[in-house]
Amino acid sequence: FRPLLSEFVVSMPRGAAVIYPKDSAQIVALADIFPGAHVVEAGVGSVALTCSLLRAFGPLGRVSSYERREEFADVARANVTQFFGGDHPAWSLTVGDLVTALPAAAERADRVILDMLAPWECVPAVAEALLPGGILCAYVATTTQLAETVETLRVHSGFAEPVATESLVRAWHIEGLAVRPRHDMVGHTGFVITARRLAPGFIAPLRKR
C-alpha cells in the first residue's frame with residue numbers, strides 16, 4: 001500500500017518536530033479549513049500540518065507557508081515532493097519572518113495558522129492580513145505560551161474571545177468480549193488556540209468569567 005498521510009507524517013524525514021495527526025485533525029476542524037480557502041501558515045517545520053491543509057481545501061485553495069530557517073525549508077520541500085509526487089501547485093514557501101514578510105507580500109488570508117515559539121509576536125501582522133470573520137489558529141506546547149498568546153489576542157481587541165483546547169487519543173484493545181483501553185494513549189502534545197478576526201470598528205464583547 002501507499003502510506004496514508006497519518007502514517008507518512010510520523011515517519012518522514014524531519015528537521016523540526018511534527019504536528020501529529022490528532023492535532024492536525026483538530027486544527028483543520030477548529031480552524032474551519034474549507035474548499036477554496038487561502039491559508040497562511042508560519043513555522044512550516046517538516047510540513048506535517050501543511051500536507052493536511054493541502055488536502056483539506058480542494059483544488060481552488062492555496063497555502064502560503066513561511067519558515068525562518070532555510071534548513072527546515074529544504075526538508076519541507078523534499079517531504080511535500082515525496083508525498084505528493086512532485087511540486088504541489090497550491091503551495092508556496094517563503095523563507096523569512098512572518099512579522100515582516102507577510103505585510104511585505106500584502107496577502108489577505110481566510111485563515112492563519114501559527115506553529116512557533118512566540119506566536120503572540122505575529123498578532124499585529126496577522127490582524128492586518130486576516131479577512132473579517134477569518135480565523136487565527138496557534139499551536140503551542142506549554143501553558144506559558146498558551147497564556148501569553150491568549151492575553152495578547154485579548155489586548156489587541158481586534159479578535160473575538162480566544163478558545164483553547166487540547167486533545168487526547170486513547171486506543172482500545174478489542175478481542176471478543178475482552179474490551180479494554182490500551183496503554184499507548186497519546187496524551188499532551190500541544191494546545192490549539194483559535195480566535196476570529198472582527199470587522200473594523202467592532203470590538204469584542206466583555207468576557208464572562
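## Ground rules

Because the model is predicted, local features need pLDDT of at least 70 and side-chain atom pairs count only at pLDDT 80 or more, while totals for chains, interfaces and linings use all residues. Residues are numbered from 1 along each chain as its sequence is written, and side-chain values use heavy atoms, with hydrogens and water left out.

Helices (H or I, at least four residues) and strands (E, at least two) are DSSP runs, numbered from the N terminus.

## Helix 4

Let's start with helix 4, which spans residues 70–84 and has 15 residues. From its first C-alpha to its last it reaches 21 Å, close to the 21 Å expected at 1.5 Å a residue; the expected span is 1.5 Å times one less than the number of residues. Gly85 follows helix 4, and its phi is positive, near 80 degrees.

Which residues of helix 4 are buried? They are Phe72, Ala73, Ala76, Asn79, Val80 and Phe83, where buried means under 20% relative accessible area, exposed over 50% and partly exposed in between, with a 1.4 Å probe and protein chains only. An α-helix has 3.6 residues a turn, so residues three or four places apart point the same way. The buried residues of helix 4 pack against helix 1 (5–11), helix 3 (48–56), strand 2 (62–67) and strand 3 (91–95), with contact meaning heavy atoms within 4.5 Å.

## Helix 5

Helix 5 (residues 98–105) buries Leu98, Ala101 and Leu102. Those buried residues fall within an arc of 95 degrees seen down the axis, so they line one face of helix 5. Turned away from that buried side is a face with the exposed residues Thr100 and Ala104. The cover over the buried residues of helix 5 includes strand 1 (38–42), strand 2, strand 4 (109–115) and helix 6 (123–129).

## Pocket and cavity

Both kinds of space are found on a 1 Å grid over the protein atoms alone: a cavity is a set of points where a 1.4 Å probe fits but cannot get out, and a pocket is an open set with protein on both sides within 12 Å along at least five of seven lines; lining residues have an atom within 4 Å of a point. Grid points are joined across faces, edges and corners, and a volume is the space filled by probe spheres set on the points.

The largest pocket holds about 650 Å³ of space. Of its 26 lining residues, Ala16, Gly43, Asp115, Met116 and Leu117 lie nearest the centre. Strand 2 and strand 5 (130–140) each supply at least two residues of this lining. The structure also holds 1 cavity of 30 Å³ or more, and the largest cavity has about 60 Å³ of space. Its lining includes Gly43, Val44, Gly45 and Asp115.

## Two residues to look at

Leu30 sits in helix 2 (residues 21–30) and is partly exposed, at 33% relative accessibility. Leu30 and Gly134 are 104 residues apart in sequence and 12 Å apart in space, C-alpha to C-alpha. Not counting residues up to four places away in sequence, Leu30 touches Ile135, Thr165, Val192 and Thr194.

Pro205 lies in the segment after strand 9 (191–196). Is Pro205 buried or exposed? Pro205 is exposed, with a relative accessible area of 65%. Pro205 and His188 are 17 residues apart in sequence and 31 Å apart in space, C-alpha to C-alpha.

Technical notes: Arc of directions from axis to C-beta.
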